[in-house]
Amino acid sequence: MKTIKLLALFFVSSLVFVSCSSDDDHDDHDHEKELITTVTYTLTNGDDVVTLKFEDLDGEGGTDGTYTVSGNLSANTTYTGSIELLNATENPAEDITEEVEEEGDEHEFFYTSTISDITFTKTDTDEDGNPIGIETTLTTGDAGTGSLTIILKHEPTKPNDGTSTSAGGSTDVSVTFSIEVE
């Protein structure tokens, strides 16, 4: 009888340990709950400033978001780029960029364009020396028309080959702007 009670006690204790374990290695990370309503990518070359902005103030599933581009990019020009993410449903708007920067080892921006002469370089890095992509340089080539896509990945493989597809992780933001280089 004592053996049965000891086995039962051992079994119950095992269940308690199993039920208390967690495979979530980001207990303090509430990133999944963040709402990103606004993406602003600002490109600067001296007095030439081009702003690409996406806004979806009611979040995913509501009214479609809006895309605005303040002007055309100049051919054969290098711009300094900076991206900002906001949750504008709060007052004042919450700057999500700060969280991405603080958790740089868990995030990375990816930039692509259908205009083949445009190149991107990420100029900021996380604590391990891998790129984040909040700060960039964008260099244009010849004139052309196409699109520019910005993707923010959460928990990508780092280092990676520079493409969002091979980096894995989950997509936090994906926005595509129509652009023109003149």
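Reading along the sequence, the order of elements in the protein chain is α-β-β-β-β-β-α-β-β-β-β-α-β. That comes to three helices and 10 strands. Helices here are DSSP runs of H or I with at least four residues, strands are runs of E with at least two, and both are numbered from the N terminus.

Two remarks on the source. This is a predicted model, in which local features need pLDDT of at least 70 and side-chain atom pairs count only at pLDDT 80 or more, while totals for chains, interfaces and linings use all residues. Residues are numbered from 1 along each chain as its sequence is written, and side-chain values use heavy atoms, with hydrogens and water left out.

Now the chain as a whole. The protein chain has 182 residues, and 37% of them are buried. Buried means under 20% relative accessible area, exposed means over 50%, and partly exposed is in between, with a 1.4 Å probe and protein chains only. The accessible surface of the protein chain is about 10,600 Å², and carbon and sulfur atoms account for 50% of that. Those areas come from the Shrake-Rupley method with a 1.4 Å probe, and for residues only the protein chains shown count as cover. As for contacts, meaning heavy atoms within 4.5 Å, consider those between residues at least 6 apart in sequence: 63% of them join residues at least 24 apart.

Next, charge. Which residues form the negative surface patch? They are Glu98, Glu101, Glu102 and Glu135. Patch residues have over 30% relative accessible area and no salt bridge; like charges are joined within 9 Å, and nonpolar side chains (Val, Leu, Ile, Met, Phe, Trp, Tyr) within 5 Å. Lys and Arg count as positive and Asp and Glu as negative, with His and the chain ends not counted. The charge is placed at NZ of Lys, CZ of Arg, CG of Asp or CD of Glu. Helix 2, residues 96–102, gives the largest share of the patch, three residues. Glutamate 135 sits in strand 8, residues 135–139, and is partly exposed at 31% relative accessibility.

On to the pairs. Side chains of opposite charge can pair when their charged atoms come close. The rule for a salt bridge is a side-chain nitrogen of Lys or Arg within 4 Å of a carboxyl oxygen of Asp or Glu. How many salt bridges does that rule give? The count is three.

One joins lysine 53 and glutamate 55, at 4.0 Å from N to O. Lysine 53 is partly exposed at 30%, and glutamate 55 is partly exposed at 28%.

Another joins lysine 122 and glutamate 108, at 2.6 Å from N to O. Lysine 122 is in strand 7 (residues 119–122) and glutamate 108 in strand 6 (residues 107–113), so this pair ties together parts 14 residues apart in sequence. Lysine 122 is partly exposed at 23%, whereas glutamate 108 is buried at 1%.

Then there is aspartate 126 with lysine 158, at 3.1 Å from N to O. Aspartate 126 lies in the loop between strand 7 and strand 8, and lysine 158 in the loop between strand 9 and helix 3 (164–167), so the pair ties together parts 32 residues apart in sequence. Aspartate 126 is buried at 8%, and lysine 158 is buried at 18%.

Lysine 158 also brings us to the backbone. Most residues other than glycine have a negative phi, and most peptide bonds are trans. The peptide bond from lysine 158 to proline 159 is cis, with omega near -10°. The bond from asparagine 91 to proline 92 is cis as well, with omega near 0°; proline 92 is in the loop between strand 4 (78–87) and strand 5 (94–95).

Glutamate 155 lies in the loop between strand 9 and helix 3 and has a positive phi, near 55°. Glutamate 155 is partly exposed at 36%. Asparagine 76 has a positive phi too, near 50°. Asparagine 76 is in the loop between strand 3 (66–69) and strand 4, and is exposed at 57%.

Last, what does aspartate 142 touch, leaving aside residues up to four places away in sequence? The answer is Ala75, Asn76, Asp117 and Val181. Aspartate 142 is in the loop between strand 8 and strand 9 (144–154), and is partly exposed at 48%.
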